[in-house]
Amino acid sequence: MTAPHSPLYQAYYTRMPWQLFSGVGWKRLVAFRADESGVTLGGPVTCYRRFTAVVPWWDIEAVVLWSTKKTMERPIRRIGLKLRPGVPDPPGPNHGLTPQLSAGIAPHIEHEVVRNSRFIALWKVDHTRLSTAMQAFAPQVQLRVHPVHRLRPGQGGGPGYGGGPGYGSGGSIFDIMP
């Protein structure tokens with residue numbers, strides 16, 4: 001248990017019934033944590049253990065928050081890490097992302113940061129508490145918050161990211177089913 005006014009920052013995923021079937025049980029899963037040892041990036045609930053990573057502060061240049069948005073859609077929020085040169089990437093769901101796909105997902109964010117990022121889904125970021133924790137544990141690490149970037153039609157994509165150049169017509173599987 002942490003002290004009531006500890007600078008530790010921790011956000012948990014909202015518990016969902018399908019979590020029981022994913023192998024992690026009903027416990028609270030850490031989505032993001034900033035403490036004296038560094039940053040914990042929680043993996044997606046469906047493969048939580050495989051993709052959860054702890055990155056020490058001395059390996060991090062910046063914690064980056066950003067969003068992308070297509071017309072008539074809610075912003076897709078993300079949090080990522082800009083690592084120091086030579087530091088290996090932590091395990092994560094975006095590990096195999098190419099620079100071209102990164103540019104389609106978030107053209108305003110560096111490829112490395114997109115690759116070392118997590119969706120902010122089923123949890124929220126408290127900017128004030130995160131900033132306080134970073135000042136307490138790693139004042140040399142920057143907190144970068146980008147405004148929402150609007151994607152133009154045909155931009156922003158790849159498989160699972162809503163289409164884009166080279167990824168079909170933008171139709172769904174239901175358009176071709178009888």
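Begin with the whole chain, which is a predicted model. Of its 178 residues, 42% count as buried.

Now switch to a cartoon view. The secondary structure comprises 4 helices and 9 strands. Traced from the N terminus, the elements follow the order β-β-β-α-β-β-β-α-α-β-α-β-β. If contacts are drawn between residues at least 6 apart in sequence, 60% of them join residues at least 24 apart.

The interior comes next. In soluble globular proteins, nonpolar side chains tend to be buried together. Select Phe32, Ile60, Val63, Trp123 and Leu130: these residues have the most contacts inside the largest nonpolar core, which has 28 residues. To see which elements build this core, colour β1 (9-12), β2 (30-35), β3 (38-41), β5 (60-69), β6 (76-83) and α4 (127-137), each of which gives two or more residues to it. The largest share, 4 residues, comes from β2.

Centre the view on Trp123. Which residues does Trp123 touch, not counting those up to four places away in sequence? They are Ala11, Tyr12, Tyr13, Ala31, Phe32, Arg77 and Ile79.

Finally, select Val64, Trp66, Leu101 and Ile105. These residues are among the 10 that form another core, which lies apart from the largest one.

Key
Residues are numbered from 1 along each chain as its sequence is written. This is a predicted model: local features need pLDDT of at least 70, side-chain atom pairs count only at pLDDT 80 or more; totals for chains, interfaces and linings use all residues. Side-chain values use heavy atoms; hydrogens and water are left out. Buried means under 20% relative accessible area, exposed over 50%, partly exposed in between (1.4 Å probe, protein chains only). Contact means heavy atoms within 4.5 Å. A nonpolar core is a set of buried Ala, Val, Leu, Ile, Met, Phe, Trp, Tyr and Cys residues joined through side-chain atoms within 4.5 Å.
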